[in-house]
Amino acid sequence: MDKVRIGLVGYGIGGRAFHRPFLTDAEGTDLVGVVARSSDKREQLASDLPGVPVHDSLGDLLAAGVDAVVITTPPSTRRDLVLEAVAAGVAVVADKPFAPDPSTARELRDAAAQAGVVIAPFHNRRWDTDLVTLRGVLEDGRVGTPLRFWSRFDLVEREGIATGVGGGVLSDIGSHLVDQAVSLFGPISRVSCTLDVRDARALGRDQDGDIDAGFTLAATHGSGVESVLTSNKAGWLGARRLRVDGVDGTYEASSTDVQAQAAVAGHTPADDRAGWGVEPAGGTLTTAAGAVEVPSSQSSYTDYYERFARAVRGLGPVPVPADDAVHVVDVLDAARRSAASGETIAVPTP
């Protein structure tokens with residue numbers, strides 16, 4: 001397969017830690033350019049990616065020649081950039097949240113379909129190690145028919161809460177937790193949600209107004225599984241925990257978010273092939289026979305980009321379908337309406 005020439009648009013923490021290491025590691029991809037304007041980011045790029053051209057705009061990057069682009073700019077700018085790339089006939093990875101509202105999500109999906117180009121949401125956390133381990137437990141039938149799912153992901157990141165269009169923890173971490181739940185148990189039919197709304201200045205931000213600093217979302221899947229998804233960035237203790245109750249057993253795990261921690265620290269999968277994406281501890285499966293330890297699976301976000309490259313070349317499906325991203329945006333929209341009204345809100349059938 002000819003390598004897919006990919007351009008990266010944006011080089012903040014997302015571009016540098018969650019895209020660059022896996023784009024450069026993936027087979028079938030060639031990172032051929034980056035869009036960055038600030039002098040600080042250009043200096044960082046010279047160190048991280050020596051010899052890779054840096055461009056002032058997406059237009060300049062497209063003119064230089066690419067097969068695909070990764071749009072990892074703030075949500076307020078992402079729609080126009082995605083549409084610009086699609087209009088140029090270029091495949092797109094759109095960072096999360098895929099869109100700030102359902103109508104925009106459908107606009108992006110439909111524009112790509114009409115142009116005949118691949119578009120994929122960056123729901124890379126389907127490849128989180130703890131989730132991959134849990135998926136294996138479910139696929140092996142070790143808990144029997146699943147009934148209830150709990151997912152908690154707290155971070156100590158008060159200054160990392162995005163503001164403006166598409167901001168807040170529900171859009172940020174919520175995009176991932178909802179997508180993970182949907183990938184395990186299927187589409188969601190109704191939701192009930194509460195938001196942890198904080199004063200921005202009380203969180204040390206130099207701005208007025210409120211910030212969605214966390215959420216608790218209860219979801220009913222069409223399959224009958226009940227999920228409770230929760231995240232907060234305003235606390236003082238990080239936590240990542242998963243639990244599934246099934247007819248025949250319960251699986252529970254606490255993890256360290258091992259891939260993200262390594263990537264943010266500047267490491268790449270090439271640094272330790274054998275150890276990359278393995279949690280220090282796995283999980284515990286409890287059944288009538290007692291409790292047994294389940295070792296951690298190995299996973300890498302690199303797999304996302306290898307699948308994307310094959311999809312661009314017509315050799316396989318996209319890693320995450322755009323329809324799934326539209327459903328996630330529908331769920332988040334219903335969650336916001338639930339938080340405002342105090343009612344349970346039905347989610348459109350995908």
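Trainee: At what angle do helix α6 and helix α7 pack, and how far apart are their axes?
Mentor: The model discussed here is predicted. Two packed helices are described by the angle between their axes and the distance between the axes. For α6 (residues 129-139) and α7 (residues 169-185), the angle is about 20 degrees and the axes are 11 Å apart.

Trainee: Which residues make that contact, and what word describes the orientation of α6 and α7?
Mentor: From α6 the contact uses L131, L134, R135 and L138, and from α7 it uses Q180, S183, L184 and F185. The crossing of α6 past α7 is right-handed. Angles under 35 degrees count as roughly parallel. The helices pack at about 20 degrees, and α6 and α7 are therefore roughly parallel.

Trainee: How many of the residues of helix α9 are buried?
Mentor: Helix α9 spans residues 302-312 and is mostly covered. Its buried residues are T302, Y304, Y305, E306, F308, A309, A311 and V312. The elements that cover them include β1, α1, β2, β4, β5 and β6. The count of buried residues in α9 is eight of 11.

Trainee: Why is strand β1 described as largely enclosed by the rest of the structure?
Mentor: A residue is buried when its relative accessible area is under 20%. Strand β1 covers residues 4-9 and has six residues. It is largely enclosed because the number of its residues that are buried is five of the six.

Trainee: Which peptide bond is cis?
Mentor: Most residues other than glycine have a negative phi, and most peptide bonds are trans. P97 lies in the loop between β5 (91-94) and α5 (102-115). Omega is near -5 degrees for the cis bond, which runs from K96 to P97.

Trainee: What is the phi of D257, and is D257 buried or exposed?
Mentor: D257 is found in the loop between β12 (250-254) and α8 (258-264). Its phi is near 55 degrees, a positive value in a residue other than glycine. The relative accessibility of D257 is 9%. The cut-off is under 20%, so D257 counts as buried.

Trainee: Which strands form the edges of the open sheet of nine strands?
Mentor: The order of this sheet is β14-β13-β12-β11-β7-β10-β9-β8-β15, and its pairing is mixed. An edge strand pairs on one side only, and this applies to β14 (290-294) and β15 (345-346).

Trainee: Which residue of β14 stands opposite T287?
Mentor: Strand β13 (residues 283-287) is antiparallel to β12, with three bridges between them. Strand β13 also pairs with β14 in the antiparallel sense, over five bridges, and a hairpin joins β13 to β14 through two residues. The residue opposite T287 in β14 is G290.

Trainee: To which strand does α6 run at about 10 degrees?
Mentor: Helix α6 lies across several strands, namely β7 (146-154), β11 (239-246), β12 and β14. The strand to which α6 runs at about 10 degrees is β11.

Key:
Residues are numbered from 1 along each chain as its sequence is written. This is a predicted model: local features need pLDDT of at least 70, side-chain atom pairs count only at pLDDT 80 or more; totals for chains, interfaces and linings use all residues. Side-chain values use heavy atoms; hydrogens and water are left out. Buried means under 20% relative accessible area, exposed over 50%, partly exposed in between (1.4 Å probe, protein chains only). Helices (H or I, at least four residues) and strands (E, at least two) are DSSP runs, numbered from the N terminus. Axes are lines fitted to C-alpha atoms, for helices over the stretch in contact, and angles run from 0 to 180 degrees between N-to-C directions. Angles under 35 degrees count as roughly parallel, over 145 as roughly antiparallel, 65 to 115 as roughly perpendicular and the rest as oblique. A crossing is left-handed if the near helix is turned anticlockwise from the far one by less than a right angle, and right-handed if clockwise. Contact means heavy atoms within 4.5 Å. Two strands pair if DSSP finds at least two bridges between them.
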